[in-house]
Amino acid sequence: MNKLFFAGLLLALPLSLAAAPQSVNVPLPAPSATPSAAPTAAAAFAQLDPAQQRQRRSDYAAWRALPEGERERIRQAASRFAALPADQQQRLRAQFQAQDQAFREGWRLGPQLGAEFPKLHGLFGFVPPQQRDAVLAVLRQLSPSQLVQLALVAQRTPPQERDSVRSAFLTVPAAERDTWLKRQAGQ
C-alpha cells in the first residue's frame, strides 16, 4: 500500500501519537517531573480552543464508529508511519493536506471505505442525517469487489438521480446486492 494511504489514515483520525504535531502544542513535562505534574489528557483537551475540541470529539466519534478490524489496520499503519524519518512524515502530511477536504474527510471512514470514498462521494457524500447510520452500516458490509462496483455506479449516476439510486441501493437485501450492483454497473 502506498504511504499516502497511511498518512491519510493518520491525519484523518488524529487520535494517535502520530497525529499532526501542529494541532496541539502542549509541552511535555521534564523527565524529572513527578507524575502529578504531568498534564492529564483532560487538561491538554481544556487548552484547545472550542473548534479544536469539536474536531477532537468528532475524530473520536469517527474512531469509535470503526469496526475493530479497521482500527487495528490503522494502528498498524500508525506504527509504520511513526517508523518513517521525520522529514518523510512531514512530506506525507503536506501531501495529504494538499488534497481536497472531501478526500481527507473520506479517510475518517477507515481504510476500506476511505480508499473508495473519492469515487463514492457523488452518491454518498451528502447523505441526509436520518440515513447516515444505515448507509454506513450497509457500506461496511460490502466486500472490496462490491465497493468497486458501487464506485462505478456512483460515478455513472447523474446528480438528479443520486437520491433515488442511493435509496434503491439501501433497500436491496444483502443476498441480492451482487446482482443489483452488477446490473447497475452494466456488467
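**Terms and their grounds**

Guide: Let us begin with Pro118, which lies in helix α7. Please bear in mind that this is a predicted model.

Visitor: What makes Pro118 count as partly exposed?

Guide: The relative accessibility of Pro118 is 42%. Buried means under 20% and exposed means over 50%, with partly exposed in between. Pro118 therefore counts as partly exposed. The C-alpha atom of Pro118 is also separated by 7.5 Å from that of Ala102, and these two residues are 16 residues apart along the chain.

Visitor: Why are α7 and α10 called roughly perpendicular to each other?

Guide: Two packed helices are described by the angle between their axes and the distance between the axes. Helix α7 spans residues 111–124, and its axis crosses that of α10 at roughly 105 degrees. The axes come within 9 Å. Angles of 65 to 115 degrees count as roughly perpendicular, so α7 and α10 are described in that way.

Visitor: Which residues make the contact of these two helices?

Guide: On α7 they are Gly122, Leu123 and Phe124, while α10 contributes Arg162, Val165, Arg166 and Phe169. By class, this contact of α7 with α10 has 4 nonpolar, 1 polar and 2 charged residues.

Visitor: How do you know that Arg166 forms a salt bridge with Asp163?

Guide: The closest N and O atoms of Arg166 and Asp163 are 2.6 Å apart. The cut-off for a salt bridge is within 4 Å, so the pair qualifies. Both residues lie in helix α10 (residues 162–171), 3 residues apart, which is about one turn of the helix.

Visitor: Why is Arg166 called buried?

Guide: Arg166 has a relative accessible area of 3%. Buried means under 20%, and Arg166 is therefore buried.

Visitor: How many salt bridges does the structure hold?

Guide: The structure holds 7 salt bridges. Side chains of opposite charge can pair when their charged atoms come close.

Visitor: What makes Glu68 and Arg75 a salt bridge?

Guide: Their closest N and O atoms are 2.7 Å apart, and the limit is within 4 Å, so the term applies. Arg75 also meets Glu72 in a salt bridge, with 3.2 Å from N to O. Arg75 and Glu72 both lie in helix α4 (residues 68–82), 3 residues apart.

Visitor: Are Glu68, Glu72 and Arg75 buried, exposed or partly exposed?

Guide: Glu68 has 42% relative accessibility, Glu72 has a relative accessible area of 35%, and Arg75 has 34% relative accessibility.

Visitor: Which elements does the chain contain, helices or strands?

Guide: There are 11 helices and 0 strands in the chain. Buried residues make up 36% of its 187 residues. The accessible surface of the chain comes to about 10900 Å², and 56% of this belongs to carbon and sulfur atoms.

Methods:
Residues are numbered from 1 along each chain as its sequence is written. This is a predicted model: local features need pLDDT of at least 70, side-chain atom pairs count only at pLDDT 80 or more; totals for chains, interfaces and linings use all residues. Side-chain values use heavy atoms; hydrogens and water are left out. A salt bridge is a side-chain nitrogen of Lys or Arg within 4 Å of a carboxyl oxygen of Asp or Glu. Buried means under 20% relative accessible area, exposed over 50%, partly exposed in between (1.4 Å probe, protein chains only). Helices (H or I, at least four residues) and strands (E, at least two) are DSSP runs, numbered from the N terminus. Accessible areas come from the Shrake-Rupley method with a 1.4 Å probe; for residues, only the protein chains shown count as cover. Axes are lines fitted to C-alpha atoms, for helices over the stretch in contact, and angles run from 0 to 180 degrees between N-to-C directions. Angles under 35 degrees count as roughly parallel, over 145 as roughly antiparallel, 65 to 115 as roughly perpendicular and the rest as oblique. Contact means heavy atoms within 4.5 Å. Ala, Val, Leu, Ile, Met, Phe, Trp, Tyr, Cys and Pro count as nonpolar, Asp, Glu, Lys and Arg as charged, and the others, Gly among them, as polar.
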